[in-house]
Amino acid sequence: MAIIIKSHREIDLMREAGRILAITHEEMKKAVRPGISTYEINKIGEDVIRSFGCIPSFLDYNGYPASICVSVNDEVVHGIPSKHRILQEGDIVSLDAGVIYEGYHSDSARTYGVGKISDKAQALIDATKQSFFEALKVCKEGNHINDISEAVYNYITARGYTAVEALVGHGVGANLHEAPEVPNFPRGRKGPKLKAGMTIAVEPMINIGTHEVEWLDDDWTVVTADGELSAHYENTILITDGEPEILSRAEGIDL
């Protein structure tokens with residue numbers, strides 16, 4: 001699959017998709033508390049997306065049954081929201097969402113603590129987020145995909161964590177998943193060269209224990225093989241001829 005270099009018009013559409021997605025995450029963040037169901041968080045996210053006249057990227061994507069992936073504790077990604085899954089004090093929850101604005105996607109994820117969480121859980125969330133920003137430093141024209149992979153991997157392994165290898169970041173644009181793949185671990189080759197106009201989703205998925213994962217019987221929810229905690233942080237990024245731009249952001253909202 002060829003890597004698609006985006007036009008200025010396409011980038012503008014993705015920038016607006018990203019702005020709406022950032023607002024969506026902010027509203028879901030406000031709702032995260034002990035006692036709320038993952039179904040309710042999904043409804044809040046979908047309602048915000050549709051209030052802008054947009055479409056949730058994930059709903060019915062390859063059959064996924066919800067608009068927001070809500071993954072709790074040892075769930076790495078693709079947790080399916082449920083009225084019966086109630087967040088508890090001390091949990092951590094990752095919210096992964098996408099917005100389609102005039103045919104173009106933005107994709108991002110955040111992990112939050114529910115109420116008061118352990119120092120161990122907070123350290124994982126913080127390291128996962130920072131590993132993204134370490135990767136962002138090398139998202140420059142002329143570098144390669146493997147530079148991103150190494151930046152994430154080197155940061156988290158130095159702190160005793162592991163990077164999930166069964167799942168990777170990806171290109172994004174008119175399709176939710178495009179070339180190239182963006183792993184969070186080195187593959188022993190440089191990979192594609194970064195060029196201005198490329199739009200990619202960089203998304204560290206980081207575990208406290210083993211990097212190995214399993215799929216639950218719903219064929220969507222990915223969990224750590226050892227039951228340890230996992231965190232996820234993601235943004236859609238534009239490669240430019242200078243510093244990279246995070247497209248999945250909005251003025252006045254923290255990343």
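## Basis of the model

In this predicted model, local features need pLDDT of at least 70 and side-chain atom pairs count only at pLDDT 80 or more, while totals for chains, interfaces and linings use all residues. Residues are numbered from 1 along each chain as its sequence is written, and side-chain values use heavy atoms, with hydrogens and water left out.

## Overall form

The protein contains four helices and 15 strands; these are DSSP runs numbered from the N terminus, with helices being H or I of at least four residues and strands E of at least two. Its radius of gyration is 17 Å, close to the 18 Å that the globule rule gives for 255 residues, so the protein is as compact as a globular protein of that length. The radius is taken over C-alpha atoms, and the rule is 2.2 Å times the number of residues to the power 0.38. Along the principal axes, the C-alpha atoms fill a box of roughly 45 × 45 × 35 Å.

Of the 255 residues, 55% count as buried (under 20% relative accessible area, with exposed over 50% and partly exposed in between; 1.4 Å probe, protein chains only). Among contacts (heavy atoms within 4.5 Å) between residues at least 6 apart in sequence, 70% join residues at least 24 apart.

## Helix α3

Helix α3 spans residues 119-136, 18 residues in all, and reaches 26 Å from its first C-alpha to its last, close to the expected 26 Å at 1.5 Å a residue. The expected span is 1.5 Å times one less than the number of residues. Buried residues of α3 include L124, I125, F132 and L136.

S94 belongs to strand β4 (residues 92-101) and counts as buried because its relative accessibility is 3%. Leaving aside residues up to four places away in sequence, S94 touches C69, V70, S71, V76, R110, T111 and H232.

P183 is located in the loop between β8 (178-182) and β9 (199-202). With 3% relative accessibility, P183 also counts as buried. Beyond residues up to four places away in sequence, its contacts are I145, S149 and V168. P183 and S94 are separated by 89 residues in sequence and by 19 Å in space, C-alpha to C-alpha.
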